[in-house]
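Here are my notes for your first look through this model. Keep the 3D view open and find each residue as you read.

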Amino acid sequence: MHWNSAVWTLSVAFSILTVVSGSIIQLNETAFASLPPLYALDEWTQCQGPDHVYCIVDAALVSKTQSPLLQLLKDYSSQNLKHYNRTVVHRGVCVSSCGQASGDGDWKEAAQLCVNRSLLQYGLEAEVMSANWCSSAKTVQPTSGSRFLAVYCIALVVISVLATGLHILGDCCTTVEGNKYLLAFSLKRNWEILKYDRSKPRSDDRMKNLTAIEGIRFLGIQCVIFSHVIWIYVYSYIDNPQYIEKMYDNFVWKMVLNSPLWLQVFFSLSGFLTSYAVLISTDSNPITFVKCLVSIINRWIRLTPVAVFALWFTMSWFPLLGSGPQWAWLVRREAEDCSQRWWYHLFYAHNHLSLGKMCMGHTWYLAADMQLHVVGVMVILLMVRCKKSIIPVLSLLLVISSVAAGFVTFFYELTPIITAQPPELLRNLFGGSKILPLLYLPIWMNLAGYFCGVSTAFILHYNQTNAINLAENKLFNLLFHASLTLGGGVVMGGVVFLSDTPPPHWVAAVYAALDRTLVAIFFNIFMLGCFSRCKSLLRNLLEWRGFHILGRLSYCAYVIHFIILRLTLAGNTQLGHPTILSMISVLITSSVLTYVISVPLCLLVELPAIQLWKAVTGSEMRERQPPPTLPPPQDVLPTNQKFDLVAHIRRSVV
């Protein structure tokens, strides 16, 4: 023990580096290699016998004597904005190789022996805090929920095949009226909807100017997936956690950490599309309170089938699909959390749940979007009926959102949202965070994005009605081309709050009040320029025909991408190794798999639910019909007329 202490005293002397621009305490790579690893995994394949048990163990490091090493770890961990808590280690342990479970099935004592063996070389001991998420050969068994899901999937496939056959038969050899409820499941029909050219709208010609939305959706989803790639590396088991910690000292990575400000893009798109559809409709049919209620129900129908299917899959099938040292930690844990919280998802209230548990956490956006839709349609009803209220109401809502963010930041002494995400907080799924529930998840903190989108819809509709062409306005063109750069500048401004000496607290409050509002304003200027046909290579790229299908799949991709991410990493039997190249590799792999799986999900679940609801309510989209023509003579069968097989058979029988 004394020899180890002397060695570590010398190690501390040469490994601690004091710098001005980075963290106060930094360790070189040699020192990191000499520290007790934050994460470690016992060999998974050596713990697969019938009586073996593998557990995820959290243990606090302790020492019976004064330990320079432990003091170093405490000092390093005290910089909790950037560093993990290195005084608590996390292990995947084959606990059955070290002892037996206690009478109540607790494996803590056996885990203590295992972890202490691995710490002998460091002169430290461990106090096991938990030994949970244990796996054995008989851990996970099929449940009634998984069987019901299997029956449901088989039924969907059978109905879809039947409906598709009926549709093809009708197109090929007979004029079949068809059951409109059954045809809602036709793969042929739904594929035509999925691949439809958005530049040729079926309803209103003004919709053809909105094709850039599909490109924005696709690129936006890619950014979301990449941010979640970083997150899953932060809270999974990796062999170089210092790589994550060093992100907080790198300017580019600081901007990436603040990039979720761009989530206002999706709120803006939602607000814009809702408002623009209402405004186009009110040109011929006035909006009413009843129509607003129907719109809310339509939104629920639009979002729920795919979200519930993914939730059901997460709770039932997902835990059965694999195994590995982290499978229980990354997969089975979420299934159990969802079994307790699933009904919150049905009512889109899960953005107000307590943090620290993981049940499709990324879908908090769906809850916020649904809540904003309810508020939004009522506000739109007011503004359409009283046009004088448009500017005051929208201005008031933006001010309320900004002021609320500023006051909450100031009085709760918070740092600006997004930039205040310590790695230890991310590792614990934001458990104990004040920033997310107070400043990020509530809808009143995201009013800026949604109602900036509403404002853009009103401006675009007004310009089209009054033949105002913004593409010819030089000042607007200048703003349009500078808008995304200005939005990036707002994101860049947040990096100062990740420095060792952040600005005064009142500056944080001002930034928190303005960041999302400014990003939303700049993005909506860009969006308005795209829809007004301002000349731009970027606009041309976003309108590329190839984005039409990918953009249409964005909702399914958003819902399931985190499932794919966990499936990609949870089965690894070795520690992960985050680098920029590995993150890009995971991004590409998970993106491709996500969109491949999104196609059948869209065709079998999302579109059938939407078409079935339209059939029930009688609101099927009426395509514009060609002008009537004179009927052909009865004895002449035009070449394009379909042969009515059913009628022919009946005549033959008679």
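1. Let us begin with a term. A salt bridge is a side-chain nitrogen of Lys or Arg within 4 Å of a carboxyl oxygen of Asp or Glu. Arg 516 and Asp 515 are both buried. As background, side chains of opposite charge can pair when their charged atoms come close. Please keep in mind throughout that this is a predicted model.

2. Now step back to the whole chain. The protein chain has 654 residues, and 51% of them are buried. Its secondary structure comes to 25 helices and six strands. The accessible surface is about 30,800 Å², and carbon and sulfur atoms account for 66% of that area. Look also at contacts between residues at least 6 apart in sequence: 80% of these join residues at least 24 apart.

3. How many salt bridges does a search of the whole structure find? There are 16. One of them joins the side chains of Glu 606 and Arg 302, at 2.5 Å from N to O. Glu 606 belongs to helix H24 (residues 580-617) and Arg 302 to helix H12 (residues 289-316), so this pair ties together parts that lie 304 residues apart in sequence. Is Glu 606 buried or exposed? Glu 606 is buried, because its relative accessible area is 2%, below the 20% limit for that label. Arg 302, at 25% relative accessibility, counts as partly exposed.

4. Stay with Glu 606 for a moment. Arg 552 also forms a salt bridge with Glu 606, and the closest N and O atoms are 3.3 Å apart. This pair links distant parts of the chain too: Arg 552 is in helix H22 (residues 547-552) and Glu 606 in helix H24, 54 residues apart. Arg 552 is buried, with a relative accessible area of 14%.

5. Four strands form an open sheet with mixed pairing, in the order E3-E5-E4-E6. Strand E3 (39-41) and strand E6 (125-135) stand at the edges with a single partner strand each, so one side of each has no neighbour in the sheet. From one strand to the next, the twist averages 20°. Strand E4 (residues 54-62) and strand E5 (residues 88-93) run antiparallel and are joined by six bridges. To find this pairing on screen, look for Ala 59, which stands opposite Val 89 in E5. Helix H4 (residues 108-119) packs on the sheet and touches E4, E5 and E6. The direction of H4 makes about 125° with that of E6.

6. Turn to the surface. Which residues form a nonpolar patch there? They are Val 399, Val 403, Phe 407, Phe 410, Phe 411, Tyr 412, Trp 506, Val 510 and Leu 514, and together they have about 940 Å² of accessible area. Helix H15 (390-411) and helix H20 (505-531) each supply at least two residues of the patch. The largest share, five residues, comes from H15. Val 399 is found in H15 and counts as partly exposed at 48% relative accessibility.

7. Asn 477 sits in helix H19 (residues 474-493) and counts as buried at 16% relative accessibility. Asn 477 and Gly 529 are 52 residues apart along the chain, while their C-alpha atoms are separated by 7.4 Å. Leaving aside residues up to four places away in sequence, Asn 477 touches Leu 470, Ala 471, Glu 472 and Cys 534.

8. Finally, check two backbone angles. Tyr 348 has a positive phi of about 50° although it is not a glycine. Tyr 348 lies in the loop between helix H13 (327-346) and helix H14 (364-385), and it is buried at 3% relative accessibility. Arg 533, also not a glycine, has a positive phi near 70°. Arg 533 is in the loop between H20 and helix H21 (537-542). With a relative accessible area of 36%, Arg 533 is partly exposed.

Technical notes. Residues are numbered from 1 along each chain as its sequence is written. Side-chain values use heavy atoms; hydrogens and water are left out. Patches are made of residues with over 30% relative accessible area and no salt bridge: like charges are joined within 9 Å, nonpolar side chains (Val, Leu, Ile, Met, Phe, Trp, Tyr) within 5 Å. Accessible areas come from the Shrake-Rupley method with a 1.4 Å probe; for residues, only the protein chains shown count as cover. Buried means under 20% relative accessible area, exposed over 50%, partly exposed in between (1.4 Å probe, protein chains only). Contact means heavy atoms within 4.5 Å. Two strands pair if DSSP finds at least two bridges between them. Axes are lines fitted to C-alpha atoms, for helices over the stretch in contact, and angles run from 0 to 180 degrees between N-to-C directions.
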